[in-house]
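I am opening my notebook on a new structure today. Come along and look things up with me.

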Amino acid sequence: MEALISQFTFLSDEALQDKNFDPSTIEDLMKLFEIEAYKAWAAMELEQENEVEAAEIELAEAEDELDSSMERAMDEFRRFEEEMERMAEEELSRLEETAERARKMGKLTENAASVASKRYIEAALNSATASMKSAWKGISSNKVHPN
């Protein structure tokens, strides 16, 4: 391009000094400028297409990396979720066992209290019956109890 500009400057100077200068010489030079401009435009377009292709490849690689990272994160999340679920099930099982033991202990305590209260009532009734019998004996024998 610089050579064409030098040639154009040279021809311009010659056109100003030489009255027999052929203007078609400048037209030929202008065609060379046009060809050179098209070449530069084509080269820039090719470079742009190459950059677009490279950017698309990098974008695809970045998307693949993102997908891979997301898949690893989801796998890790699933493992974490499974572990938490397993731990929750174990804790629930332990709580159910503890509740069942407490229920059985409560039932045993209730039964023991029931048996103890029945025995207390029986003992109280036996004591009252014995006192009544003793009182009847005392009344029927006309003896007075010293108390």
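Where is the place of Ala15? I found Ala15 in helix H1, which covers residues 2-17. Before going on, I noted that this is a predicted model, where local features need pLDDT of at least 70 and side-chain atom pairs count only at pLDDT 80 or more, while totals for chains, interfaces and linings use all residues. Residues are numbered from 1 along each chain as its sequence is written, and side-chain values use heavy atoms, with hydrogens and water left out.

**Entry: Ala15**

I looked up the cover of Ala15 and got 32% relative accessibility, so Ala15 counts as partly exposed. For my own use I wrote down the classes: buried is under 20% relative accessible area, exposed is over 50%, and partly exposed is in between, with a 1.4 Å probe and protein chains only.

**Entry: the whole chain**

I counted 2 helices and 0 strands in the protein chain. Its radius of gyration is 57 Å, well over the 15 Å that the globule rule gives for 147 residues, so the chain is more spread out than a compact globule. That radius is taken over C-alpha atoms, and the rule is 2.2 Å times the number of residues to the power 0.38. Helices here are DSSP runs of H or I with at least four residues, strands are runs of E with at least two, and both are numbered from the N terminus.

I then boxed the C-alpha atoms along the principal axes and got roughly 180 × 25 × 15 Å. Of the 147 residues, 4% count as buried. The accessible surface comes to about 13200 Å², and 59% of that belongs to carbon and sulfur atoms. Such areas come from the Shrake-Rupley method with a 1.4 Å probe; for residues, only the protein chains shown count as cover.

**Entry: charges**

I listed 17 positive and 36 negative side chains, and the centres of the two sets lie 40 Å apart. Lys and Arg count as positive, Asp and Glu as negative, while His and the chain ends are not counted. Each charge is placed at NZ of Lys, CZ of Arg, CG of Asp or CD of Glu.

How many salt bridges does a search of the whole structure find? It finds 7, each being a side-chain nitrogen of Lys or Arg within 4 Å of a carboxyl oxygen of Asp or Glu.

- I found Arg86 and Glu90 joined at 2.4 Å, N to O; both lie in helix H2, 4 residues apart, about one turn of the helix. Arg86 is partly exposed at 36%, and Glu90 is partly exposed at 36%.
- I found Arg103 and Glu100 joined at 2.7 Å, N to O; both lie in helix H2, 3 residues apart, about one turn. Arg103 is partly exposed at 49%, and Glu100 at 33%.
- I found Arg72 bridged to Glu65, with the closest N and O atoms 3.8 Å apart. Arg72 is partly exposed at 46%, as is Glu65 at 47%.
- I also saw Glu71, Asp75 and Arg78 linked in a network of salt bridges.

**Entry: surface patches**

Which residues form a negative surface patch? I wrote down Glu58, Glu61, Glu63, Asp64 and Asp67. Asp67 sits in helix H2, residues 24-140.

A nonpolar patch of about 470 Å² is made by Met74, Phe77, Phe80, Met84 and Met87. Phe77 is in helix H2, and at 43% relative accessibility it counts as partly exposed. Patch members have over 30% relative accessible area and no salt bridge; like charges are joined within 9 Å, and nonpolar side chains (Val, Leu, Ile, Met, Phe, Trp, Tyr) within 5 Å.
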